[in-house]
Amino acid sequence: MDYFNYKQGKLFAERVPVETIAEQLGTPVYIYSKATFLEHLRKIQHAYKAIDTMVCYSIKACSNINILKFMAKAGSGFDIVSGGELYRAIQAGADPAKIVYAGVGKTDKEIIEALDAGIAYFNVESEAELENIIRTSKQKGKTPKVALRVNPDVDPKTHTYTTTGVKETKFGIDIERAEKVFDQFGENPAVKLCAIDMHLGSAGHTVGPYVEAINKILALVDKLRKKDFTIETLDIGGGYGADYTTAQSPSADDYAKAIVPMLKGKKLKLILEPGASIAANASILLTRVLYCKTGGRKNFVIVDAGMNDLIRPPLYNAFHFIWPTTVEKRFSYLKRTEKLDIKGLEFVDVVGPICEGADFFAKDRAIPPIKRGDLLSIFTAGAYGFAMASNYNARGRAPEVLVDGDKFEIIRKRESYENLIDLEK
Ligand SMILES: *Cc1c(COP(=O)(O)O)cnc(C)c1O
């Protein structure tokens with residue numbers, strides 16, 4: 001589900017023709033659909049309403065403050081992984097009591113900022129970090145709540161870079177060691193160690209790994225409660241399948257149908273940290289074709305967006321559907337998959353202007369015939385798209401535009417040449 005659709009051969013973001021935006025603001029440009037964000041959030045909130053649940057949108061997926069503002073207004077909490085994200089959340093008007101803080105390398109400064117803000121939970125990833133939080137909390141005279149991030153050793157079967165819940169990743173504490181951590185720190189008066197956290201990784205496409213991991217964690221919770229430790233919350237992280245290609249992943253409802261019954265009657269508050277499943281298909285990256293050329297047996301389409309705008313294809317070998325913004329009727333049928341069986345498509349590599357072989361968006365991809373000057377939409381660019389953008393090759397970052405119904409507004413300006421050297425004087 002999203003609000004990017006073709007009408008009479010023209011691509012619309014909600015009720016705005018995307019070409020209007022490109023004409024006014026140039027390309028490349030990120031276009032977000034507010035309704036898509038909010039509908040995903042509402043669906044998750046609704047799917048879990050049978051149990052006490054806090055949805056904490058994972059800021060790192062897509063962090064523009066204007067997006068965080070309307071998410072906070074719609075009742076979202078936030079999952080943060082840095083002091084900068086805490087700052088963004090607070091500036092956006094987030095309720096600190098709905099903020100959870102993960103990350104293996106929290107600095108003293110960041111810990112103090114989070115203590116001062118009064119966040120809901122520190123999701124702690126090592127004994128050494130917990131000792132540091134205890135020391136800092138004593139100094140500040142605060143007693144924060146702490147969730148222990150355990151590593152359930154379950155593989156979501158995704159890319160190695162987005163697998164975080166198996167042994168031999170840097171994240172969390174092995175589940176076998178968790179009990180010892182409670183023995184050592186569970187009674188420490190400087191913190192309230194009262195929750196368990198996990199995050200399997202990103203872009204899993206099945207519910208099974210969550211069920212397996214929650215089962216392991218519930219067994220741990222039982223053991224800990226038998227030893228009289230208070231466990232009030234279970235945070236099951238993010239990583240829910242996002243709709244990169246239409247309906248490939250289970251919906252929020254499908255996940256909830258498996259997860260809610262496991263937690264009913266367990267006296268555990270549930271925390272979810274969805275990122276990509278909310279943000280991914282809430283945005284497209286619009287780019288203009290600069291040149292078409294052939295090299296060997298290959299046809300290259302060189303566009304004005306580069307890996308500095310969207311790094312997911314080279315970084316994760318990620319699939320992004322790419323299609324012209326104006327198409328003949330026979331091409332306006334859209335199933336956003338790799339293998340399209342429509343007559344008249346041509347196979348091309350869609351690449352950027354950056355001086356790196358890794359600067360590509362798609363290889364051997366079937367798309368309708370295109371020429372210099374055409375506009376292409378790179379779909380499902382909302383998660384880890386702009387958020388991972390850089391100034392590599394001294395390219396100003398693309399503007400971000402938010403569409404709401406038939407209106408649109410710039411929520412981040414295009415970076416100018418002056419911006420590139422602003423901090424260097
Ligand atoms: C990145 C991250 C998430 C969000 O992951 P998605 O795949 O975007 O849903 C949630 N929790 C933690 C701890 C993360 O690091």
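The largest cavity in this structure has a volume of about 50 Å³. The model is a predicted one, and the search of the whole structure that located this space returned 1 cavity of 30 Å³ or more. Rolling a probe the size of a water molecule over the atoms shows where empty space is left.

The largest cavity is lined by Ser58, Lys60, His199, Ser202, Gly238, Gly239, Glu273, Gly275, Ala276 and Tyr384. By class, this lining is made up of 2 nonpolar, 6 polar and 2 charged residues.

What sits in the largest cavity? The ligand does. Around the ligand are 14 residues, and the closest of them are Lys60, Ser202, Glu273, Ala276 and Tyr384. These five names also occur in the list of residues that line the largest cavity. Sorted by class, the shell around the ligand holds 4 nonpolar, 6 polar and 4 charged residues.

Individual atom pairs show how the ligand is placed against the protein. From the side chain of Lys60, an N or O atom is 2.8 Å from an oxygen atom of the ligand. The backbone takes part as well: a polar backbone atom of Gly275 is 2.9 Å from an oxygen atom of the ligand. At Ala276, a backbone N or O atom lies 2.7 Å from an oxygen atom of the ligand. Taken alone, the ligand exposes 390 Å², and 94% of that is buried by the protein.

The next space to look at is a pocket. The second largest pocket has a volume of about 350 Å³. Its lining consists of 20 residues, and those nearest its centre are His40, Pro250, Ser251, Ala252 and Ser277. Which helices each supply at least two residues of this lining? They are helix H2, which covers 34-47, helix H9, which covers 252-263, and helix H10, which covers 276-279. Of the contributors, H2 gives the most to the lining, with 3 residues. In the lining of the second largest pocket there are 12 nonpolar, 6 polar and 2 charged residues.

Thr27 and Pro28 are joined by a cis peptide bond, with omega at about -5°. The loop that holds Pro28 runs between helix H1 (18-25) and strand S4 (29-33). The other detail is at Asp153, a residue that is not a glycine but has a positive phi of about 55°. Asp153 belongs to the loop between strand S9 (145-151) and strand S10 (173-174).

Definitions and conventions. Residues numbered from 1 in each chain as written. Predicted model: local features only at pLDDT ≥ 70, side-chain atom pairs only at ≥ 80, totals over all residues. Heavy atoms only, no water. 1 Å grid on protein atoms, 1.4 Å probe; cavity = no way out; pocket = protein on both sides within 12 Å on 5 of 7 lines; lining within 4 Å. Points joined across faces, edges and corners; volume = space filled by probe spheres on them. Nonpolar A, V, L, I, M, F, W, Y, C, P; charged D, E, K, R; others polar. Near = heavy atom within 4 Å. Polar contact = N/O pair within 3.5 Å; in protein donor to acceptor, adjacent residues only side chain to side chain. Areas by Shrake-Rupley, 256 points an atom, 1.4 Å probe, with all protein chains shown as cover. Sits in = over half its atoms within 2 Å of the grid points. Helix = DSSP H or I, 4+ residues; strand = E, 2+ residues; numbered from the N terminus.
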